[in-house]
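Hi everyone, thanks for making time for this. I'd like to walk you through one structure, so please have a look at it first.

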Amino acid sequence: MVRTAEFEDDTFIQASLELISLGGPGATTMAAIAKCAGAPTGSIYHRFPSRNALLGTVWHQALDSLTMATTTALLQGDSQGAVTALLDWAESHPKEARLILLYEESDLIDGPLPEEIHKAIAARHRDLGTGLTALLAHKKKTLSAANLALANFAIFDGPIAAMKPLLRAKKAAMPLNTCRAAALACARTTLDLLE
């Protein structure tokens, strides 16, 4: 008789997101993930060969969701639409937003990833880069390292900085509409600096 798995991949992914949201990457020990999921620790290893494999999957899924939310506007050259999509995504995916927008991949993953996860994450980064390149083309700006850095700051880094008080606080330090206004203003001001 074949035993069916009692716990699915998503059970451990959601438990990891919950722990990161509450306590940061350091809270995601395998024992803590298992406890949060209501599963024995060994059952995680039936799904994921290592902590890095699990947390790499968590990171990839959140990054994939963010990429899907923002790249359409970027490819169309709609900078305000891309920032608005980022803000809407963060509001509708608070745990994923806390992960992707407050931490670096290296904060979560402390060793090598399985090759398929590494490739999947790299592909999402390429998609975002393609979107920023398209944005520059639509704005008829030179494709240079400086302009790519400015576009990245305008669409991601600046707006994320504007949202950090909201993402970090258990009780909002700033009203959501203030964070949104600051993020959009940062994007507009930064894009004016493109050469």
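This is a predicted model: local features need pLDDT of at least 70, side-chain atom pairs count only at pLDDT 80 or more; totals for chains, interfaces and linings use all residues.

I'll start with the ground rules, then go from the overall fold to a few helices and single residues.

Residues are numbered from 1 along each chain as its sequence is written, and side-chain values use heavy atoms, with hydrogens and water left out.

Now the overall picture. The protein has 10 helices and zero strands, where helices (H or I, at least four residues) and strands (E, at least two) are DSSP runs numbered from the N terminus. Read from the N terminus, the order is simply α-α-α-α-α-α-α-α-α-α. The C-alpha trace spans about 65 × 40 × 25 Å along its principal axes. Of the 195 residues, 45% are buried; buried means under 20% relative accessible area, exposed over 50%, and partly exposed in between, with a 1.4 Å probe and protein chains only. Among contacts with a separation of 6 or more, 69% link residues 24 or more positions apart, contact meaning heavy atoms within 4.5 Å.

Let's go to helix α1, residues 9-23. Its 15 residues reach 21 Å from first C-alpha to last, close to the 21 Å expected at 1.5 Å a residue; the expected span is 1.5 Å times one less than the number of residues. Buried in α1 are Phe12, Ile13, Ala15, Ser16, Leu17, Leu19, Ile20 and Ser21. Those buried residues pack against α2 (30-37), α3, α4, α6 and α7 (105-108). Just after α1 comes Gly24, with a positive phi of about 80°.

Ile44 is found in helix α3, residues 41-47. Not counting residues up to four places away in sequence, Ile44 touches Phe12, Met30, Ile33, Ala34 and Leu54.

Now for some helix geometry. α1 and α6 pack at an angle of about 65°, with their axes 9 Å apart. Axes here are lines fitted to C-alpha atoms, for helices over the stretch in contact, and angles run from 0 to 180 degrees between N-to-C directions. The crossing of α1 past α6 is left-handed, that is, the near helix is turned anticlockwise from the far one by less than a right angle. On the α1 side the contact is made by Leu17, Glu18, Ile20 and Ser21, and on the α6 side by Lys95, Glu96, Arg98 and Leu99. By class, that contact has three nonpolar, one polar and four charged residues. For the classes, Ala, Val, Leu, Ile, Met, Phe, Trp, Tyr, Cys and Pro count as nonpolar, Asp, Glu, Lys and Arg as charged, and the others, Gly among them, as polar.

Next, helix α5, residues 79-92. At 1.5 Å a residue its 14 residues should span 20 Å, and the end C-alpha atoms are 20 Å apart, which agrees. The buried residues of α5 include Leu86, Leu87 and Trp89. Among the elements covering α5's buried residues are α4 (51-75), α8 (115-138) and α9 (145-168).

From α4, I picked His60. With a relative accessible area of 18%, His60 is buried. Beyond its neighbours within four places in sequence, His60 is in contact with Ala120, Ile121 and Arg124.

A word on cysteines: the structure holds zero disulfides, a disulfide being a pair of cysteine sulfur atoms within 2.5 Å. For Cys186, the nearest cysteine sulfur is that of Cys179, 12 Å away. Cys186 counts as buried because its relative accessibility is 18%, while Cys36 is partly exposed at 38%.

Last stop, the loop between α8 and α9, where Lys140 sits. Is Lys140 buried or exposed? Lys140 is exposed, with a relative accessible area of 74%. Lys140 also has a positive phi of about 55° although it is not a glycine. Most residues other than glycine have a negative phi.
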